[in-house]
Each structure stands twice: as C-alpha cells, then as structure tokens.
Amino acid sequence: MQVSSLNEVKIYSLSAGRSLPEWLSDRKKRALQKKDVDIRRRIELIQDFEMPTVSTKIKVSRDGQYIMAVGTYKPRVRCFDTYQLSQKFERCLDSEVVTFEILSDDYSKIVFLQCGRFVEFHSQHGHYYKTRIPKFGRDFSYHYPSCDLYFVGASSEVYRLNLEQGRFLNSLQTEASESNVCDINPVHFLFAMGTAEGKVECWDPRTRNRVGLLDCALSSVTADTEIEGLPSISALKFDGALNMAVGTSTGQVLLYDLRSSNPLIVKDHHYGLPIKSIQFQHQLDLIISADSRIVKMWNKDTGKIFTSMEPEHDINDVCLYPNSGMLMTANEAPKMNIYYIPVLGPAPKWCSFLDNLTEELEENPESTVYDDYKFVTRKDLENLGLAHLIGSSLLRAYMHGFFMDIRLYHKAKMMANPFAYEEYRREKIRQKIEETRAQRVQLKKLPKVNKELALKLIEEEGEEQQFSKKRKQKNLPSLLKDDRFKVMFENPDFQVDEQSEEFRLLNPLVSKISEKRKRKLKILEELEAQGQEEEEEPEGKASDAESSESSDDEKGWVEEVRKQRKLLRQEEKLKRQERLKEDQQTLLKPQFFEIKEGEEFRSFKDSAKKQKLMKKTLEDRLKLEEKLGTLNVSDTTVGSKQATFKLKKSEQQRKQQEAEKRHRQERKTLRRSASHLKSRRGRGRLFH
C-alpha cells in the first residue's frame, strides 16, 4: 500500500504496494510470498481487478454490490462482486464499448453503446438484444419516467429509443452539428446535452422542446486562461435540482446555477487536456474533476484545491463509490487503481477493515523495490568479474542492464574487494577525527585541483562580504560551497591549463595577477606544513598598488594581447624547426611492394601517364577516349546524348580472346573441307 499526502490529506493507493517482477513464474512468486513478509502483507482488495490491456469505463451498481468495468483487448465487460471480493463473470463483445449504463439495481439490466453504431442489451443470463442507431453515438442517458434512451453523437439529432414499446420515437432536432455528452437531472428530469460548438442545450422531455441554451465556450475564456481553438463540451454532470458542472476540451470546469446564464465559478486544470469525468462529493461540498493526467478535488464554493492525484498512467474514467471515501479509476494500463481517502468518508462496509489498517500505516510513501534482486549494468559485471554469466539463467536482461540475485552480488563483491570493510572502518575513523577537529582554529584549506582559482574566489568573497556589510546587503552563496561546482575542485580533468593558447589570449593580464596569488599560495602552504595559525593577511603590496594594477587602461590590455600573440608565434616557429630537424635526421628505408597474381609490372611511366590523365578535364578525357575507340557518343531521337563505353581488357583476357578467335577459324576451315568432300562423293556416284 502506497501512502501520499497533499495539503495534509492522506491518500492510500490500495492497488500500488510492493510489486514483483513480471518475468517471475507463478511458482517463484508463491515462494517469495512465503518468504517475504512485506509481499505477503500486500493488499489485493478485489482479486484480479484488472483488464487484459486497457480499461475505458468503470461504474458501480445502485445497490453497491457490483463493480462493472469495460475495456480491451478483446472488447469485454467484467463484473466484480464486492461481497465475494472476486470476479463474478466476464463477457466478450463484438466491438469496443464507448459507454454503458446499469439500468437496474444490480447487474441484471445493462445497455452498451458500441463503436459500430450498435446498442447492445444484456440481461442476467447474458446477451439479450442488439439494435443499431443511424449515426455513430458518443453518449446516452436513460429517462426513468418514460423508459426512453436518449442517444447523442455525430449528428444534429437526438435519437430516442423507448424500451417499453421497443421502438424508436421521433428524434429531437437541435441546432448543433455534433454532440459529445448528455445527462438527465435526477430530480426534475431535465435533459441536457453538450455540443461540439461549446454550448449546452436543455430540453424538456415532456414537451420535447428546448427550454434553455448556455454558451459555455465564451464563459470559459477568462483573463488567466490560454486556449487554442474553440472549446467543446467534453463532460456534463447534474448536482441536485439547480446545479450543473460542465467540462470543456481545453481543461476548464464551469459550475452553473440553472437560474443564471453566467457560471458561478470557472476552474482551470492548467494542462490543456479535455475533462474526462466530473463527480460531486456532498459531505465536504467538493467537485472531483479529472482529465487524462490528474484528478483534482476542489471546493465548489471557493474553488480552493482540496487535494489531487496523479496516477502513473493516463486516466480514462473516474468512479466515486457512493457514501464512502473510495475512488476508482480506469486507466491506459491493465491495472485499475483503487484509492482510499479517509477524509472523504468511511470505508465501504465490504472492506471496513481499511479503517483500522490505515491508522497503522507509515506516512512516507513506499517506492517499488525488488529486495531479492540487484540491478547491475554491464560495466558493474566486468568490475565484479561476472561478465561470463551474461546469457546464463543467473542473469535476467532488463533495459540497459541485468537483474541478479542479491546474495550472489554480495558474494562477488566480497571476493572482488575483500578489504572493503577495512576501508569503510578507516573512513569512519577519519570522519570522527575531523568532527573533533572542527572546534579548533583552522587555516584556509585549499582544494587539490584549481588552487589558484579557489584562492581568487576566496579573495573575491571576502571583498564582497566587506562591501555587503557597508551596504547592509545579503551575502551571495560561495562557489566553493555549492554542490553544483564541487567537481571542478575535485576532478583533475577540470584543471585549468594556463599554458594553453586559449587561456593566454583570453586572459592577457593573468600573469600579473597570478604572481601575487602564487606568493600568497606559497605562504599558506608553509603555514599548513608548520601547523601555525595565521590570521593576519600575508605581507604584499599596498592596497593602492593593487588597485592601480587592477585598473589598467585599455591600451595596456591591447599591448599585453599583442605580446602574447608574438610569444605564441615564436613558440610555434620553434616547434616547426624541431619537427624539420627530426625529419632530416630520420633515414628513409626502402619499401618493397608485392604484385598480385595475373598482373604484370611494366614501368613507372604508366602511373605517371595516369596521373597526367587524371589532371585533365572531363571533356579532354572523353575526346581522348573517342580517338582510342573506347567511347562512342551519339545523339538520340529525344535530343539528348547517349554515350557507350568499352572497358579496357587485361593482357590475359586479350590472349584468351585471340586463342578463341583462332579456334573458331580452324573449325570453320574444317567444316568447309568436310562439306567439299561430301559434294565430290555425291557427284562421283551420279556419274557412275
């Protein structure tokens, strides 16, 4: 169980608790539950209170015994019995459910509005009847006195289906192009619908005439709100006979008195997300409004925030269990969340043990920790010498590392660093000694890295303190004590290189200032070595001389930059001369190259010719290849040029082609001689 507190209001998340890794088998989970007391004490209020993938809507029956939820995938409805704390039944549907309504006190009469314009009726035994409406529906409400269902959706009409007669009645013609939500007042049965244009139309079901029109889009825009586009109505809920709350697609909630066209209060969620659900809590006069990111509870008279909740996953629907402090949400995740807020009311009678249990819980929220497993990266495994275990059953790959048994991790760590305890003991002793030395008069201790920079900061800090005392101003925080810049004085990689070109050009006066600082640094090091106390400022130049040095004019600064540039050029020239001397001293050794098989070495003239040819332009090379016959350029019928290339042949290919040519000529001569002999024999027979 996870406990959080906002505005001194405790919120108990009953579905959070200690979680186990998903890749553990059921057998290992049961074994862990037997061993671990914390896992065994987890609260699973309702068994398997979840959906396979996503839950979209959740509602409670009027008798409070059954909790029904719809979700995907596959589209289904699940009914949970609170008296048995388990699932009662599950029914799969043909298409996804947009919304549903429980018509009876229990689960015996349910109506589902589905995506494919279908309206499906279920009874106690299961599917009862299915019909279809002309346009895609988005919401519906049930009018109890006349047994009419009012459907709103992607149409200007409101379709009426009478369940007593079993037929559609004349629809209500509205001025809206589309409607998103609707609701019926439980006291005087006024029908209200929210349109895509940001208006709310109120109709009297007895006369089937419109009796009121509210322009909520105009009223939702205040001086503090920033909106993009026209706000449409995304949520609607009646409270008693006179109050109505309206939620917009831009994240505002408007509370109306039906006797006035102006809202009593406008509450902005400041997320710019559509309001998904609005609920009323009468004991404390609260409104519970929710978008996909946050659930806010605020006072309906003043608009002051009471508390809020931000679940891990996006919210699809919110359901408040009647006459209690329990709140349930349908999320973009398999698990449906259950929250218990004792300030809102007592626990339901089927889980009255929560009142006693919450008194003993800790105030600080618990985070999800796998106590029996340690997460290690690949680098950690190499340091421990366990890199060879990658791919075995002892390591379980997860994200950018692995999970391993905590016992194996401790054993490997002890073997890799057997003197870890001794180092820990020495560190503790050193800390104790430093704590006792804190009361003595201490010298200025400079860090190991960037000592000159630290000394400069200390001097500037002292000057600023004197200046702030005169002006009676607050002292600014020191960089040496700031954790953000701590690494700059500890890590040697951040050491300032004063001999670098950038440093010398950007800080031309650093040489004059550094001399004074180096003198001061030597004095402090001598005092530290001798262990003497030095409270007075070390001897140096007078303050007038220091001020005159620091206040050089621009001309001196330019001259100093020029000097540094000349020095840099001279140093670069000396380095170049040293490189030339080294090159002259080095003797070039002859190199031998191996010629591949099938290639002949002619001379170095071919390579020289190729280099000359590569220097020529493309036009000259094409003309040369045309003369040699390796390139043929011709005009096409379209008007463009066509170029045909002939690849150069190697010596071996040329010899092979000549041998094939000779072979073909020999075969031709043999065929001719054979045909000549046959013709002569034929003539001799005829004459004979």
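This short talk covers the nonpolar cores and the salt bridges of the structure above.

The model is predicted, so to speak of local features we need pLDDT of at least 70, and side-chain atom pairs count only at pLDDT 80 or more, while totals for chains, interfaces and linings use all residues. Residues are numbered from 1 along each chain as its sequence is written, and side-chain values use heavy atoms, with hydrogens and water left out.

I start with the cores. A nonpolar core here is a set of buried Ala, Val, Leu, Ile, Met, Phe, Trp, Tyr and Cys residues joined through side-chain atoms within 4.5 Å; buried is under 20% relative accessible area, exposed over 50%, and partly exposed in between, with a 1.4 Å probe and protein chains only. The largest has 25 residues, and Leu 45, Phe 49, Ile 58, Met 326 and Met 328 have the most contacts inside it. Strands E3 (54-60), E4 (66-72), E28 (326-331) and E29 (337-340) each give two or more residues to this core; strands are DSSP runs of at least two residues, numbered from the N terminus. E28 gives the most, three. Another core, apart from this one, has 16 residues, including Ile 288 and Met 309.

Now the salt bridges, meaning a side-chain nitrogen of Lys or Arg within 4 Å of a carboxyl oxygen of Asp or Glu. The whole structure has 16. Glu 101 and Lys 59 form one, at 3.3 Å, N to O. Glu 101 is in strand E7 (residues 97-102) and Lys 59 in strand E3, so the pair ties together parts 42 residues apart in sequence.

In another, Asp 204 pairs with Arg 206 at 3.2 Å between the closest N and O atoms. Asp 204 is buried at 15% relative accessibility, whereas Arg 206 is exposed at 70%.

Key
Helix = DSSP H or I, 4+ residues; strand = E, 2+ residues; numbered from the N terminus.
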